[in-house]
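Here's a quick tour of one protein model, written for someone who likes the cut-offs spelled out. Have the viewer open as you read.

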Amino acid sequence: GNSQSATPSANSVGNPSAPTEQAACPVKPDYRNPAVYNVYGERINDPNKPAPKNPLAALKGAEILDPRNNMPLEPNQLPCPGQRKPLSIDRVASNIPKGGTESTWMFPSPQMVFNALRRKGKGDDVTEDDMESFVHAHNAMNEATWRHVLLWEKLHATECGAPTLLRFQGKPHDLSPIAWIRSMLGGGEPFDRHDWVVDRCGREVRYVIDFYFYDEKAGTPEAFEIVARPALDSLDSALDRLKMNIYVKFAEWGLPCPISGHPGTIAQTQQQPAQQQ
C-alpha cells in the first residue's frame, strides 16, 4: 500500500468533526464576496464583462472541454454513446457553502458523473447500475474534503468564522509535489486531484487535495484517503502547514499545545478515528 501521508491531513475519508460553533469574526456579518462562480470555475456575475453569446450553444451537451479548467463548456445531461439505461439528471444540494451566495454548491447528477467518468476514461468498470452508490460515495468524499479544509481554516477562526468555497478545478493529470514524492518512495499515485479556492472573508486561499484509493482496503473506512493542505502560495499558508504539523505531533505525544499550553482541539480532531461515510 501507499506510505503514510506526509501532511497532517486526516488519513481517510473519515469524519473529522466540523466546528459546532461559528467563531467570532471581525468582518461585518453581511459581508459577501461579490464574485460568484459556476461549477466550471467561471465567474458568472462580472459587471464589467457582459456575458458573450455562446457560439457553441448549438452543441449544448457535447463533451467539449474548456482548457481553462478541464471541464465541459456546458453541463452534459444527455446520455453518452453506448449508454444502456437512463440515469437521473436530478442534482442535490451539498452542505458546502458557495462563495458569493447564501446557498450551497450543487452536486452533479448521476448522468453528469457517468459522462465525466467516460470522458476521463476511468469508468470502464462502472455501469449504470453502479451509479447510485458511486454518486453517494462521490458526494460523501466532497463533504469530507470540506471538513478537512475547515480544520485548516480553524487556524484562522478569529479572522473569519464562516469561510466558503469560491471555486474549484479538477487536475487529475497534475501530480502535486507531495504526491510525486510519495510515488517516488514507492506509494501509489492519487486517482484524482482538486484545487479548491476558499473565500476567507475576502481573502482567497487555495488548497491542494489529493485523493487516494487502496484496493487492499476496499470495503473499509481506510480505503479512501484525502490529503488536503493549503497550497504554498503565501508565507501564511507555509506557516499554517508548520503549525499544524507541530500541533498534531504534540497531540500524538500526548502533550498540550506548545503555544497555549492547553489540549489542542484541532489536533484532537485530526486524530479522531476514521468513520465510514
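## Two helices crossing

Let's start where Pro110, Val113, Phe114 and Leu117 of H1 meet Met131, Phe134 and Val135 of H2; contact here means heavy atoms within 4.5 Å. The residues of this H1 contact with H2 split into seven nonpolar, no polar and no charged.

H1 covers residues 110-120 and H2 residues 131-153, and the two pack at about 90° with axes 10 Å apart. That makes H1 roughly perpendicular to H2, a label that takes in angles from 65 to 115 degrees. Helices are DSSP runs (H or I, at least four residues) and strands are E runs of at least two, numbered from the N terminus.

## Ground rules

This is a predicted model, where local features need pLDDT of at least 70 and side-chain atom pairs count only at pLDDT 80 or more, while totals for chains, interfaces and linings use all residues. Residues are numbered from 1 along each chain as its sequence is written, and side-chain values use heavy atoms, with hydrogens and water left out.

## The cores

The largest nonpolar core has 24 residues, and Trp146, Leu165, Trp196, Tyr207, Ile209 and Ile226 have the most contacts inside it. A core is a set of buried Ala, Val, Leu, Ile, Met, Phe, Trp, Tyr and Cys residues joined through side-chain atoms within 4.5 Å. Buried means under 20% relative accessible area, exposed over 50%, and partly exposed in between (1.4 Å probe, protein chains only). H2, E5 (164-170), E6 (192-200), E7 (203-213), E8 (224-230) and H4 (235-252) each supply at least two residues of this core, with H2 giving the most, six. Apart from it sits another core of eight residues, among them Cys80, Leu87, Leu117 and Val126.

## A helix with one buried face

Which residues of H3 are buried? In this helix (residues 177-184), they are Ile178, Ala179, Arg182 and Ser183. Seen down the axis of H3, the buried residues fall within an arc of 135°, so they line one face; the arc is that of the directions from the helix axis to the C-beta atoms. They pack against E7, E8 and H4, while the face turned away carries the exposed Pro177 and Met184. After H3 comes Gly186, with a positive phi near 105°.

Conventions
Axes fitted to C-alpha atoms, helices over the stretch in contact; angles between N-to-C directions. Parallel < 35°, antiparallel > 145°, perpendicular 65-115°, else oblique. Nonpolar A, V, L, I, M, F, W, Y, C, P; charged D, E, K, R; others polar.
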